[in-house]
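Please load the structure in a viewer and keep the selection panel at hand. The stops below are arranged to be followed in order.

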Protein chains: 2
Amino acid sequence: MSKLVSSLREALEKAGLQSGMTISFHHHLRNGDYVLNMVLEEAEKMGVRDLGIEASSVFDVHAPIIDHIRGGVVTRLGTNYMGAKVGRAITQGVMDNPVIFRTHGGRPSAIENGSVKIDIAFVAAPAADENGNANGIYGKSACGSMGYAVSDARCAKKTVVITDCLMPYPLSPASIEETDVDFVVQVDEIGDAKGIVSGTTQITRDPVGLKIAKTAADVIRYSGYLKNGFSFQTGAGGASLAVTKYLKPIMREKGVKGSFGLGGITSYMVDMLKEGYFEKLMDVQCFDLGAVASLRENPNHIEVSASRYASPSVKSACVDHLDTVILGATQIDLDFNVNVHTDSNGFIMGGSGGHSDTAAGAKLAVIVAPLYRARLPIVVDRVHTKSTPGSTVGVLVTQRGVAVNPKREELKQRLIKGGLKVFDISELKEMAERVTGTPEPISKGGRVVAKVEYRDGTIIDEIRSAE
Amino acid sequence: MSKLVSSLREALEKAGLQSGMTISFHHHLRNGDYVLNMVLEEAEKMGVRDLGIEASSVFDVHAPIIDHIRGGVVTRLGTNYMGAKVGRAITQGVMDNPVIFRTHGGRPSAIENGSVKIDIAFVAAPAADENGNANGIYGKSACGSMGYAVSDARCAKKTVVITDCLMPYPLSPASIEETDVDFVVQVDEIGDAKGIVSGTTQITRDPVGLKIAKTAADVIRYSGYLKNGFSFQTGAGGASLAVTKYLKPIMREKGVKGSFGLGGITSYMVDMLKEGYFEKLMDVQCFDLGAVASLRENPNHIEVSASRYASPSVKSACVDHLDTVILGATQIDLDFNVNVHTDSNGFIMGGSGGHSDTAAGAKLAVIVAPLYRARLPIVVDRVHTKSTPGSTVGVLVTQRGVAVNPKREELKQRLIKGGLKVFDISELKEMAERVTGTPEPISKGGRVVAKVEYRDGTIIDEIRSAE
């Protein structure tokens with residue numbers, strides 16, 4: 001009757017792993033995750049082939065998947081984000097089937113409505129008991145929230161919890177509940193603590209980035225949304241994070257008490273919670289140890305599932321109540337469509353994550369980006385990959401000024417009245433091109449190597465192979 | 001886009017209430033609940049008829065349902081427990097369709113596997129925000145755990161939260177999450193605080209009850225299950241509760257540190273948590289204000305859904321890890337089958353609740369009952385209604401001695417070795433009949449007015465009408 005098995009091999013055998021199955025992983029251990037690799041390595045040893053992988057994100061640490069693709073162990077891949085290492089191999093055409101890119105909200109929606117069927121979900125659990133109750137706040141591999149694993153565990157035919165910290169039953173809180181768990185296996189290490197906390201969570205020191213962040217904070221100040229009950233999300237990128245630095249004095253000066261901060265949570269948001277700028281944090285993923293500690297200790301720091309965070313299929317999700325989100329871009333086009341999937345050469349090096357979910361849900365989505373990077377303009381005629389539809393984007397903030405989506409005339413007038421330098425987005429494009437010259441268009445490339453599925457399940461773009 | 005509607009009528013209309021639908025309720029407000037009555041009254045005003053009611057329990061306060069049955073507003077009823085008032089009317093044949101009695105674990109199982117389909121779930125929420133996040137720990141009607149409402153809210157086509165304490169978004173913790181809620185309505189009062197805390201949670205002062213409780217504690221002492229990691233559930237009846245009083249010094253003396261207390265939670269269990277007798281409490285329902293306060297304040301007091309508490313369909317439930325449960329009985333027969341549905345005249349005045357779930361899950365189910373009540377013996381040849389199969393019952397404890405299920409010979413030897421007076425169950429029956437005489441058998445009555453569905457969905461008994 002015990003769920004505790006003595007080895008990963010035994011777990012895979014008891015869960016019935018077979019060729020042709022679809023197995024799933026979550027990415028809270030980020031670039032320190034050992035679990036995806038150890039499962040694929042064991043599957044290969046068992047002679048299993050033709051696996052579909054549903055991983056909420058794929059990081060550089062998961063580069064061994066490239067060889068598993070070459071060897072036929074992995075033939076299908078769905079994910080919400082892909083780091084540059086695996087992204088390069090995919091873009092070069094290593095896999096026959098196109099990758100399906102989803103969003104952090106679209107993925108649990110697809111899992112819960114059955115359009116993505118998972119045979120075995122693997123939960124990387126920093127702490128677990130022998131019946132499968134698991135959380136991310138204890139143990140040497142503590143990652144904090146386990147929000148992306150919830151739908152997987154609930155909906156998979158079999159769920160295997162892999163932990164390096166077995167604790168007495170009943171473990172609480174239970175981010176994953178025993179009701180959903182078939183097998184528990186203890187291993188030496190589920191991840192590398194240094195990789196779990198990613199290096200992206202430092203506020204930028206680049207003066208251009210700081211200028212952009214300050215301007216974005218002013219956009220919020222004058223947007224009309226900064227009032228009591230204000231809710232806010234920012235990404236973990238250096239410039240996005242810096243917005244919080246400039247937003248704090250504005251909130252203090254205006255006496256604004258925010259309701260909640262959302263998203264992947266950093267220490268900067270934790271500080272704002274502690275200092276009373278926000279009443280609550282809603283946390284689907286912790287970006288640093290300060291966030292992990294806060295989730296463990298502060299009852300106003302609340303773990304949410306990916307579904308509750310951002311699913312378009314639930315009766316309401318956190319993103320639906322969001323006032324403002326700060327988001328990055330590798331490109332943005334004249335229709336405000338944003339690319340966060342591919343780099344300037346058309347190579348995959350990212351993915352939507354929660355980008356398009358929060359843009360769709362928030363009253364105001366602010367894109368922060370420099371006018372150009374590596375002498376290539378960010379504002380383009382047409383994005384190479386459409387990650388987030390322009391209809392859901394409000395404002396682009398660059399170091400030279402801002403552009404407002406023409407659908408948001410009232411917002412534009414507010415920002416002008418606030419003294420911001422407001423341009424037509426085509427003017428920002430011209431400013432950039434005056435410095436960089438007009439870039440060569442990227443070749444659209446060969447066959448389709450990835451499809452971009454919007455949060456509602458429709459395909460909004462394709463990514464083609466490049467060399 | 002707001003879920004907040006201005007009246008219950010508007011909520012019912014927007015949720016699409018129609019004749020023939022099935023609607024559901026949970027019973028955490030116990031005999032103080034106003035919500036079931038107010039919904040049925042409004043439904044009647046709307047001219048809705050032929051409703052099926054799925055209520056986790058029906059108390060005396062719900063007696064107005066009898067008139068709704070007579071009037072054709074309610075034609076079907078599923079529940080896990082029914083107080084004597086409605087029980088009498090049902091037993092007298094007020095409703096054409098038989099009541100379906102389920103268990104606290106069988107109900108969420110049936111809801112989650114689709115064999116019970118709910119059109120609209122009504123959640124009586126002591127605190128809620130405008131998006132439907134709800135809990136039972138705040139507000140004037142605080143009831144503590146809302147565990148029985150979770151499956152309803154998740155699986156119903158529409159979910160309506162009814163609250164008398166609207167709090168700012170995002171309310172936390174969220175026993176019910178906004179992802180599952182369609183409409184929120186604020187009313188003056190969802191219940192009567194005095195009725196929410198039931199009068200059943202006092203330890204008995206009756207010397208017979210205390211004798212039984214002391215013996216039950218000795219059964220646990222000598223059972224072999226009382227060791228570190230011990231887990232325990234007791235009902236809210238006076239004699240069941242008294243077992244905790246006698247168990248504490250035994251645990252102290254033996255230096256036993258328990259792992260968890262389970263079930264409907266009382267202040268007595270809260271004290272044992274505080275005093276370190278147990279590491280955790282797992283709480284599907286609070287029986288008194290001490291339990292409510294503890295759930296609010298003590299992170300080791302954990303709210304669990306009914307599914308997690310006791311469902312036979314999940315991958316494991318709390319009851320599966322239970323060492324010992326103390327349970328009551330209105331009758332127990334020579335095969336150790338227990339009746340908790342009908343009284344000595346065959347009238348419905350109870351129900352399984354978690355009785356058969358915990359008996360099935362626990363390593364040792366102990367039935368505590370006096371040899372006779374009101375000059376009627378408790379031990380009978382054959383129970384009038386089979387609520388809990390004898391195969392899941394270990395020991396009967398009476399004031400004159402104990403009887404051990406013949407399947408448990410090793411346990412019997414342990415109890416004898418411990419010095420307990422161990423009898424064959426037929427001897428206990430004879431002892432009772434020497435006092436009471438042999439009772440007239442209860443007439444099996446007329447047509448079927450209720451069916452007893454075991455936790456796995458099979459019908460294990462029927463209850464017939466009586467006058």
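This is a predicted model: local features need pLDDT of at least 70, side-chain atom pairs count only at pLDDT 80 or more; totals for chains, interfaces and linings use all residues.

**The interface as a whole.** Select chain A and chain B together. The contact between them draws 33 residues from chain A and 34 residues from chain B. Bringing the two chains together buries about 2,400 Å², and carbon and sulfur atoms account for 49% of that area. Next, highlight B:Thr179, B:Arg308 and B:Lys315: in chain B these lose the most area to chain A, together 29% of what that side buries.

Which residue does the side chain of A:Lys315 meet in a salt bridge? Show both side chains to find B:Asp182, with an N to O distance of 2.8 Å.

**The chain B side.** Colour β9 (158-163), β12 (258-265), β13 (278-286) and α12 (306-310) of chain B; these are the elements that give two or more residues to the side touching chain A. By class, that side of chain B comprises 13 nonpolar, 10 polar and 11 charged residues.

**The cysteines.** Over all chains, the count of disulfides is zero. Centre on A:Cys286, which is in no disulfide; the nearest cysteine sulfur belongs to A:Cys143, 7.3 Å away. A:Cys286 counts as buried because its relative accessibility is 2%, under the 20% cut-off. Finally, move to B:Cys165, also in no disulfide: the nearest cysteine sulfur is that of B:Cys143, at 12 Å.

Conventions:
Residues are numbered from 1 along each chain as its sequence is written. Chains are lettered from A and ligands numbered from 1 in the order in which they are written. Side-chain values use heavy atoms; hydrogens and water are left out. Contact means heavy atoms within 4.5 Å. Buried area is the accessible area (1.4 Å probe) that two parts lose on being put together, summed over both. A salt bridge is a side-chain nitrogen of Lys or Arg within 4 Å of a carboxyl oxygen of Asp or Glu. Helices (H or I, at least four residues) and strands (E, at least two) are DSSP runs, numbered from the N terminus. Ala, Val, Leu, Ile, Met, Phe, Trp, Tyr, Cys and Pro count as nonpolar, Asp, Glu, Lys and Arg as charged, and the others, Gly among them, as polar. A disulfide is a pair of cysteine sulfur atoms within 2.5 Å. Buried means under 20% relative accessible area, exposed over 50%, partly exposed in between (1.4 Å probe, protein chains only).
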